[in-house]
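Have the viewer open and follow along.

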Amino acid sequence: MPSEYRTIFVPTHPAKKESVFKLVETVDGSQLARDVQAMIEEMEFKGYELKFMNPVNSSVPWKGSYRTGSSGMLMVFKRLFEDD
């Protein structure tokens, strides 16, 4: 019997090439919104509803500091009905 919950990671995409001196990455918010919307619609079609969504941030050591940015969105869906 499959779990009633599905966890999916939707990765972000950089908006454009950034200088190596910038410590914060720029995320293409429009593309991320389209990716998240597509995932919601796909999972609803499969009989799931979105229960939780949270950004995933990452930090990478870089020249004595940390380069930070959003890696993507973690989405948790719950099955609405049981398959017989």
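## Layout of the chain

Reading from the N terminus, the elements of the protein chain go β-α-β-β, which makes 1 helix and 3 strands. Helices here are DSSP runs of H or I with at least four residues, strands are runs of E with at least two, and both are numbered from the N terminus.

A bit of housekeeping: this is a predicted model, so local features need pLDDT of at least 70 and side-chain atom pairs count only at pLDDT 80 or more, while totals for chains, interfaces and linings use all residues. Residues are numbered from 1 along each chain as its sequence is written, and side-chain values use heavy atoms, with hydrogens and water left out.

The 3 strands make an open sheet in the order 1-3-2, with antiparallel pairing. Two strands count as paired if DSSP finds at least two bridges between them. Strand 1 (5-11) and strand 2 (48-62) are the edge strands, each pairing on one side only. From one strand to the next, the twist averages 25°; axes are lines fitted to C-alpha atoms, for helices over the stretch in contact, and angles run from 0 to 180 degrees between N-to-C directions.

Strand 3 (residues 65-79) is joined to strand 1 by 7 bridges and to strand 2 by 14 bridges. I8 faces M75 of strand 3. In the hairpin of strand 2 and strand 3, there are 2 residues between the strands, and K63 takes a positive phi near 50°.

## Helix against sheet, and the core

Helix 1 (residues 29-45) packs on the sheet and touches strand 1, strand 2 and strand 3. Its direction makes about 160° with that of strand 1. Contact, here and below, means heavy atoms within 4.5 Å.

Which residues make up the largest nonpolar core? There are 11 residues in all: I8, V10, L32, V36, M39, I40, M43, Y48, M73, M75 and F77. Strand 1, helix 1 and strand 3 are the elements that give two or more residues to this core, and helix 1 gives the most, with 5 residues. A nonpolar core is a set of buried Ala, Val, Leu, Ile, Met, Phe, Trp, Tyr and Cys residues joined through side-chain atoms within 4.5 Å. In soluble globular proteins, nonpolar side chains tend to be buried together.

Not counting residues up to four places away in sequence, F77 touches E4, Y5, R6, I8, M39, I40, M43, Y48, E49, L50 and K51.

## Salt bridges

How many salt bridges does the structure hold? It holds 3 salt bridges, each being a side-chain nitrogen of Lys or Arg within 4 Å of a carboxyl oxygen of Asp or Glu. One joins the side chains of K78 and E4 (3.8 Å, N to O). K78 lies in strand 3 and E4 in the segment before strand 1, so this pair ties together parts that are 74 residues apart in sequence. K78 is partly exposed at 25% relative accessible area, and E4 is partly exposed at 39%. For reference, buried means under 20% relative accessible area, exposed over 50%, and partly exposed in between (1.4 Å probe, protein chains only).

K46 pairs with E42, the closest N and O atoms being 3.2 Å apart. K46 is partly exposed at 43%, and E42 counts as partly exposed at 38%. The side chains of K51 and E49 also meet in a salt bridge (3.5 Å, N to O), with K51 partly exposed at 48% and E49 at 31%.

F81 sits in the segment after strand 3 and counts as partly exposed at 44% relative accessibility. Leaving aside neighbours within four places in sequence, F81 is in contact with K46 and G47. The C-alpha atoms of F81 and G47 are separated by 6.9 Å, though the two residues are 34 residues apart along the chain.

Zooming out, 21% of the 84 residues of the protein chain count as buried. Of the contacts with a separation of 6 or more, 65% come from residues 24 or more positions apart. The accessible surface of the protein chain is about 6200 Å², and 56% of that belongs to carbon and sulfur atoms; areas come from the Shrake-Rupley method with a 1.4 Å probe, and for residues, only the protein chains shown count as cover.
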